[in-house]
Amino acid sequence: MPASSSQKPYRVGRSRTGLGLFATKPIKKGTKIIRYFGPLLDSKKKDEDAIENKYLFELTNRWTIDGSIRENVARYINHACRPNAESDVKPRKRKVFIRAIKDIEPGDEINYDYGTDYFKAYLKPIGCKCDACEKKRKKKRAEARAERLRLKEKAERKAKREAEKLAEMRARQRKASAKKAAKANGKLGNGKMLNGAALNGNALNGKVLNSKALNGKHLNGHSLTAAAGKRAVPSKRGAARVLQA
């Protein structure tokens, strides 16, 4: 890492994207902060035109600065969609300076807009990590979380309503079943069947009770009226003999 002079209002430090250039002193708007420099490449020469790296700074259609050399501390300045500096290009002098477009406080990272072509080629595929883009992504993530929470709460409310409806329906079914059972019990107690025996006017009214006949039929295999008749009614012939005597 190149050493930054204490006389300069900047230093190289750790940034969100790797390394960056940070202000060590207040920098006023309009101040030239640092020069972007390196070997000049002539696009008319095939060997120079074939050089490719992410530190190339195009001055004109012909001339390009190769800023990949370590002495070029300005190469550590990162891109920002809302920067606090800009590139001041002087094509005739074949020089580029980085100039502040805002007041920069000590500790602030210095940045400038790399331009549309660079953004599309290098930054868009991986996603820009400048503060502005990070804030946008953070806002989108917060909105997405809020939407997921809203949908979750909506689903929970719906599930609760359905559970309440189901519980209410089951309660109605239980009530109806209980009412039906109570009605059925009332019919059984009103002269129909109870424990397999007939009650009101059936078993007690001369029919069957424990397989025995009561009202003049059978009891333990004997006829009640026949037995009673033999004991109570004398024959006419016996009565006549008694009178004659």
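**Close-up views of the predicted model**

View 1. Ser15 lies in strand β1, where strands (E, at least two residues) and helices (H or I, at least four residues) are DSSP runs numbered from the N terminus. This is a predicted model, in which local features need pLDDT of at least 70 and side-chain atom pairs count only at pLDDT 80 or more, whereas totals for chains, interfaces and linings use all residues. Residues are numbered from 1 along each chain as its sequence is written, and side-chain values use heavy atoms, with hydrogens and water left out. With a relative accessibility of 13%, Ser15 counts as buried (under 20% relative accessible area, with exposed being over 50% and partly exposed in between, for a 1.4 Å probe and protein chains only). Apart from neighbours within four places in sequence, Ser15 is in contact with Gly20, Phe22, Asn78 and Glu109, contact being defined as heavy atoms within 4.5 Å.

**View 2. The open sheet that includes β1.** Four strands are arranged in the order β1-β2-β10-β7 as an open sheet with mixed pairing, two strands being paired if DSSP finds at least two bridges between them. Because β1 and β7 (78-79) each have a single partner strand, they stand at the edges, and one side of each is left without a neighbour in the sheet. The pairing of β7 with β10 is parallel and runs over two bridges, and the bridge partner of His79 in β10 is Tyr112.

**View 3. The tyrosine cluster.** Tyr112, Tyr114, Tyr118 and Tyr122 form one aromatic cluster, in which rings of Phe, Tyr and Trp (its six-membered ring) pair if their centres lie within 6.5 Å, with planes under 30 degrees apart counting as stacked, over 60 as edge-to-face and the rest as tilted. The ring centres of Tyr112 and Tyr114 are 5.1 Å apart and their planes lie at 55°, so this pair is tilted; Tyr112 is buried at 4% relative accessibility, while Tyr114 is partly exposed at 23%. The rings of Tyr118 and Tyr122 are also tilted, with centres 4.6 Å apart and planes at 35°, and both residues lie in helix α2 (residues 116-123), four residues apart, about one turn of the helix.

**View 4. Charges over aromatic rings.** The charged end of Arg94 sits over the ring of Trp63, 4.1 Å from its centre, and Lys32 lies over the face of Phe97, at 4.6 Å from the ring centre; the criterion is that NZ of Lys or CZ of Arg is within 6 Å of the ring centre and within 35 degrees of the ring normal.
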